Amino acid sequence: MPTNNRTDHFTRRGFISWGARAAATLGVLGRSNAAEAVRAPSGKLDTIASDLLPIKEKIALEEHFSIPETVDSSYAAHRGADVLRLIAEIGPDRIAEMDRGGVETCIISLVAPGIQGIPSASQAINVSRHANDYLAENIAKYPKRLKGFAALPLQDPQAASQELTRCIKELGFCGALVNGFSQIGEADTAVYYDLPQYRPFWATVEQLGVPLYLHPREPLPTRRQAYEGHQWLVSSAWGLGAETSIHALRLMGSGLFDEYPKLRVILGHLGECVPFGIWRVDHRIVKTGVRPQAKLPISRYLRENFYITTSGNFRTQALTDVITEVGADRVLYSVDYPFEDMGDAAEWFDHAPIAESDRVKIAFGNARQVFRL
Ligand code: ZN
């Protein structure tokens, strides 16, 4: 639409020269092509350049793989042959998709619900160890392009701590990705990580200095009363985000971040439902007087202990809201491959009308700092 196009071009022109300079100052101008693209023949930065080249150095961190042991119970199982083929492959096809989307590095993780959906603790321990070894073996073939997140057997917090330590210190992983609550012992259980038995695990996460990605999972079939008659709501359209938002708010409200203030948790899908609702959370806590255990306003934890990715939520209005709430320094690019398309994500992100300096930070600048890449 003409109006939108005008806004887009005006915004991008206005920030082009600043964006390149800002990135250079930050030491993150791997995007030298962009600087070249806006350089006029005179050698000065041209603020009326017609367009920027797509960013080729993106880092994406909600990207998934499968193993035979869990794929049949995973969210890939009913998504068709193409998704099953793509998610199983850690090789040239995945690298080609990354190239198509301008992604230089992917941090990949086991598809949900993964280890969290294995009620037997001993089985969860064995499968997580196998999944992490398998991932390490495969990413070693592409050391510059592929990195790993650990899958963790949170059915046993002590075993999860040990496995995370092994993955970071021996396998060189970048952190962990856990798929929401864990089923423990019985299939019909949902255990959340704000509970006291997980405090030693969180101490390990903080001590290792790595982020934990809190990835969504669906509410269990026996706990879907609000969804009855509306199967379309249960999964990624809404249920995953609602479930994960509540889990994240439980962590924030539990006092976890008062005890371990250096913890860093990552939320996907532009923060699930949290950033949009965060003002009202604090507002209603004050108004009603029903207080959580945490010492600070809930929004403080969102801004100081959380990072938010763009996975599967390619919507500029929502991105702008997230940047406004938490700042561009806490937003990270992601796709949610192969459930989402690398090209679709790039097409949106490379052209979204945001400040060029923010685009560079979100594409790769922030991730390079967070993961020391
Ligand atoms: Zn995902």
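Visitor: Which residues touch the most other members of the largest nonpolar core?

Guide: In this predicted model, Leu152 and Ala176 touch the most other members of that core, which has 89 residues. A nonpolar core here is a set of buried Ala, Val, Leu, Ile, Met, Phe, Trp, Tyr and Cys residues joined through C-beta atoms within 7 Å. A residue is buried if 20 or more other C-beta atoms lie within 10 Å of its own, exposed if 12 or fewer, and partly exposed in between, with C-beta atoms placed from the backbone.

Visitor: And what does Leu152 touch?

Guide: Leaving out residues up to four places away in sequence, Leu152 touches Ile115, Ser128, Ala160, Glu163, Leu164, Ala176 and Val178, where a contact needs C-beta atoms, placed from the backbone, within 7 Å.

Visitor: How are the residues numbered, and what kind of model is this?

Guide: Residues are numbered from 1 along each chain as its sequence is written. The model is predicted, so local features need pLDDT of at least 70 and side-chain atom pairs count only at pLDDT 80 or more, while totals for chains, interfaces and linings use all residues.

Visitor: Switching topic, which residues of helix H5 are buried?

Guide: In H5, which spans residues 92-100, Arg94, Glu97 and Met98 are buried. They cover an arc of only 100° around the axis, taken from the directions from the helix axis to the C-beta atoms, which puts them on the same side of H5. Helices (H or I, at least four residues) and strands (E, at least two) are DSSP runs, numbered from the N terminus.

Visitor: What about the other side of H5, and what covers the buried residues?

Guide: On the other side, Pro92, Asp93, Ala96 and Arg100 are exposed, whereas the cover over the buried residues includes strand S2 (103-110) and helix H15 (342-351).

Visitor: How do H10 and H13 cross?

Guide: The axes of H10 (residues 239-253) and H13 (residues 298-305) come within 9 Å and cross at roughly 100°, the axes being lines fitted to C-alpha atoms, for helices over the stretch in contact, with angles from 0 to 180 degrees between N-to-C directions. H10 and H13 are therefore roughly perpendicular to each other, since angles of 65 to 115 degrees count that way, under 35 as roughly parallel, over 145 as roughly antiparallel and the rest as oblique.

Visitor: Which residues meet there?

Guide: Leu249, Met252 and Gly253 in H10 meet Ile298, Tyr301 and Leu302 in H13.

Notes. Two residues are in contact if their C-beta atoms, placed from the backbone, lie within 7 Å.
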